[in-house]
Amino acid sequence: MRVLGVDPGLTRCGLGIVDSDPRRTLSLVEVGVLRTPPDMPIQQRLLTISAGIEEWIVRHDVDAVAVERVFAQHNVASVMGTAQVAGLAMVAAARAGLPLGMHTPSEVKAAVTGSGRADKPQVQEMVRRILRLAGRPEPADAADALALAVCHLWRGGTPGVGPTARHATPAQEAWARAELAARRSRAVTHSR
């Protein structure tokens, strides 16, 4: 199973792709940050980020998308940009016919560190350990995107993944593979 985690942000949008094998061993595929300058017109910033997210989905042939659920902040301008980019990620998943998971920051922190109140360095360190990386993923937006993907895989945010996946019958597994192939076929057709 391959999941794209999206840590939405207008200036920095973290993207992280994580694979999970049948034994639930996780591995890093790619991590990065889409950046847009604050002086760029908002519609161009959103277009740039949207194109980047869609390009990652297609290039890496992901199976699901996990996005940070936007929560209330005191800075209205910041939450607006975050919500707009989260919406772009949701639309990209829908266009590709992919399952979407939404996870709150505290859910992600709890899944990765064991504490919903963990700070950024703790999340970065646990992502480093879980994915067996030489160093902590930088910047924090990149680490958060990877943490979202890890949370999604470990918490069973997509059918066929997580605790219930071990109990799927061969017929259910075949059905899930056929559904995934059909979604990918529709995504390729829509992208032309």
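Which residues does Glu54 touch, not counting residues up to four places away in sequence? They are Ala92 and Arg95, where touching means heavy atoms within 4.5 Å. This is a predicted model, so to speak of local features a pLDDT of at least 70 is needed, side-chain atom pairs count only at pLDDT 80 or more, and totals for chains, interfaces and linings use all residues. Residues are numbered from 1 along each chain as its sequence is written, and side-chain values use heavy atoms, with hydrogens and water left out.

**Around Glu54**

- Glu54 lies in helix α1; helices (H or I, at least four residues) and strands (E, at least two) are DSSP runs, numbered from the N terminus.
- With a relative accessible area of 27%, Glu54 is partly exposed; buried means under 20%, exposed over 50%, and partly exposed is in between (1.4 Å probe, protein chains only).
- Glu54 and Ala92 sit 38 residues apart along the chain, yet 5.8 Å separates their C-alpha atoms.
- The side chains of Glu54 and Arg95 make a polar contact of 2.8 Å. That term stands for a pair of N or O atoms within 3.5 Å; within protein, one must be able to donate a hydrogen and the other to accept it, and residues adjacent in sequence count only if both atoms are side-chain atoms.

**The nonpolar cores**

- A nonpolar core is a set of buried Ala, Val, Leu, Ile, Met, Phe, Trp, Tyr and Cys residues joined through side-chain atoms within 4.5 Å.
- The largest one has 23 residues, and those touching the most other members are Leu4, Val6, Cys13, Leu15, Ile49, Ile53 and Ile57.
- At least two residues of this core come from each of β1 (2-7), β2 (12-20), α1 (42-60), β4 (64-68) and α2 (76-96).
- The biggest giver is α2, with 7 residues.
- There's also a second, separate core of 21 residues, and Ala64, Val123, Ile130 and Leu133 are among them.
- Back to Cys13: leaving aside neighbours within four places in sequence, its contacts include Val6, Gly32, Leu34, Ile49 and Val85.

- In α3 (residues 105-113), the buried residues are Pro105, Val108, Ala111 and Val112.
- Looking down the axis of α3, these buried residues fall within an arc of 130 degrees, so they line one face of the helix; the arc is that of the directions from the helix axis to the C-beta atoms.
- Among the elements covering the buried residues of α3 are β4, β5 (100-103), α4 and α5 (140-154).
- Over in α4 (residues 120-130) you'll find Glu125, which is buried at a relative accessible area of 15%.
- The side chain of Glu125 has a polar contact of 2.8 Å with that of Arg128.

- Most residues other than glycine have a negative phi, and most peptide bonds are trans.
- Asp61, in the loop between α1 and β4, isn't a glycine but has a positive phi of about 50 degrees.
- Arg132, in the loop between α4 and α5, also isn't a glycine, and its phi is positive, near 55 degrees.
- Glu138 and Pro139 are joined by a cis peptide bond, with omega about -10 degrees.

**Rings**

- Arg59 lies over the face of Trp56, at 5.5 Å from the ring centre; for a charge to sit over a ring, NZ of Lys or CZ of Arg must be within 6 Å of the ring centre and within 35 degrees of the ring normal.
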